[in-house]
Amino acid sequence: MKKKKSIFIFMFLWCSSMNVFGQISDKAFFYSATYSSDSTDRNNLNTDFMVLWSGNNYSVFESYYRYQSDSFKTAVSNQSTNPRDLNMSAILGQMVSMKKPSFDFIIHKSWKEKEITAYNNLFFDNFEYTQPLKMDGWKIEDQYKEILGYKCQKASIHYAGRNFIAWYTEEIPLSDGPYVFNGLPGLILQLEDVQNYYRFELVGIRNTSIEMGERVLSKTISLPKEQFFLTKKSMYKDVRKALLGKPSSVSDEAIRDVQVRYDKKNNPLELVVGK
């Protein structure tokens with residue numbers, strides 16, 4: 001009886017862990033992303049190459065450049081436990097040549113839990129927050145166009161202080177899309193705000209299997225969403241204060257240069273948190 005009980009407990013714990021780590025993708029939807037982080041200089045565009053890993057009632061949206069970098073580091077660490085066996089010069093050269101992600105977030109959507117978990121990096125720390133999955137307020141319009149051979153219909157929504165236009169297709173019956181967007185009767189192939197500060201557009205699809213539960217940031221600090229964005233705003237406003245107590249010596253000149261760069265990050269994707 002004790003043996004059967006132990007097996008039952010093991011199976012229960014194993015199945016529970018699969019809720020997080022047993023999420024295998026079957027499709028990868030690739031999006032080009034362009035945005036203006038500085039509202040005073042619209043000609044200065046940032047770009048990224050995003051991917052939506054999609055599986056059974058679960059998805060992850062992140063920069064594909066981050067995924068490439070993480071995969072490369074994992075492959076290197078698996079090659080040998082002795083650093084002397086590795087060609088560090090070649091490895092560092094490859095890492096330097098790899099494109100860097102512009103977006104720091106990794107967005108997990110769970111239809112089972114009806115929840116979104118967002119992972120973000122701010123300077124030396126990783127953070128996470130959650131929000132409800134459901135998005136209310138979509139307005140479906142009687143306008144159509146074709147994207148990558150798919151017939152798409154127009155929809156609009158007000159989210160986080162911006163008005164967005166989405167083009168979705170029922171030919172891909174996934175109620176999902178870039179960033180946190182979901183809730184339409186088909187996959188969102190194109191998404192942009194009406195001021196053209198942010199734009200995501202599907203550029204390709206591939207059958208790909210990855211463990212989506214592993215696409216997280218380590219040692220995260222969990223905060224309510226509103227508190228995370230207040231923390232982010234405070235760090236961007238005073239870089240010197242954000243670096244206090246961190247295990248790194250940064251010169252005053254370097255801090256001033258970083259502050260100038262972060263002062264230009266005045267146009268976040270979410271202008272108003274929670275609305």
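## Strand 4, covered on both sides

In this predicted model, strand 4 (residues 106-110) is largely enclosed by the rest of the structure, because five of its five residues are buried. Buried here means under 20% relative accessible area, with exposed set at over 50% and partly exposed in between (1.4 Å probe, protein chains only). Helices (H or I, at least four residues) and strands (E, at least two) are DSSP runs, numbered from the N terminus. In a regular strand the side chains alternate between the two faces of the sheet. Both faces of strand 4 are covered: one side carries the buried residues Ile 106, His 108 and Ser 110, and the other carries Ile 107 and Lys 109, also buried.

Let us look at the neighbours of strand 4. Two strands count as paired if DSSP finds at least two bridges between them. Strand 3 (residues 58-63) runs antiparallel to strand 4 and is joined to it by four bridges, with Tyr 58 opposite Ser 110. Strand 5 (residues 115-122) is also antiparallel to strand 4, through five bridges, and there Tyr 119 is the bridge partner of Ile 106. Strands 4 and 5 make a hairpin with four residues between them, where Lys 114 in the turn has a positive phi of about 55°.

## Strand 10 and its partners

Strand 10 (residues 187-193) is mostly covered too, with seven of its seven residues buried. Six bridges pair strand 10 with strand 9 (residues 162-169) in the antiparallel sense, and Phe 164 stands opposite Asp 193 of strand 10.

Strand 11 (residues 198-206) runs antiparallel to strand 10, and three bridges join them. Leu 191 faces Phe 200 of strand 11 as its opposite residue. The hairpin of strands 10 and 11 has four residues between the strands, and Asn 196 takes a positive phi near 60° in it.

## Arg 66 in helix 2

Arg 66 belongs to helix 2 (residues 64-79) and is buried, with a relative accessible area of 12%. Leaving aside residues up to four places away in sequence, Arg 66 touches Pro 101, Phe 103, Asp 104, Ile 106, Arg 215 and Leu 217; contact means heavy atoms within 4.5 Å.

A polar atom of the Arg 66 side chain lies 3.3 Å from the backbone oxygen of Asp 104. The C-alpha atoms of Arg 66 and Lys 100 are separated by 7.0 Å, although these residues are 34 apart along the chain.

## Two nonpolar cores

In soluble globular proteins, nonpolar side chains tend to be buried together. A nonpolar core is a set of buried Ala, Val, Leu, Ile, Met, Phe, Trp, Tyr and Cys residues joined through side-chain atoms within 4.5 Å. The largest has 52 residues, and those with the most contacts inside it are Tyr 31, Phe 61, Trp 138, Tyr 179 and Phe 181. Apart from it lies another core, of 13 residues, including Tyr 64, Tyr 67, Met 212 and Leu 217.

## The chain as a whole

The chain has six helices and 12 strands, and 42% of its 275 residues are buried. Of the contacts between residues at least 6 apart in sequence, 59% join residues at least 24 apart.

## Notes on the model

Residues are numbered from 1 along each chain as its sequence is written, and side-chain values use heavy atoms, leaving out hydrogens and water. As the model is predicted, local features need pLDDT of at least 70 and side-chain atom pairs count only at pLDDT 80 or more, while totals for chains, interfaces and linings use all residues.

Technical notes. Polar contact = N/O pair within 3.5 Å; in protein donor to acceptor, adjacent residues only side chain to side chain.
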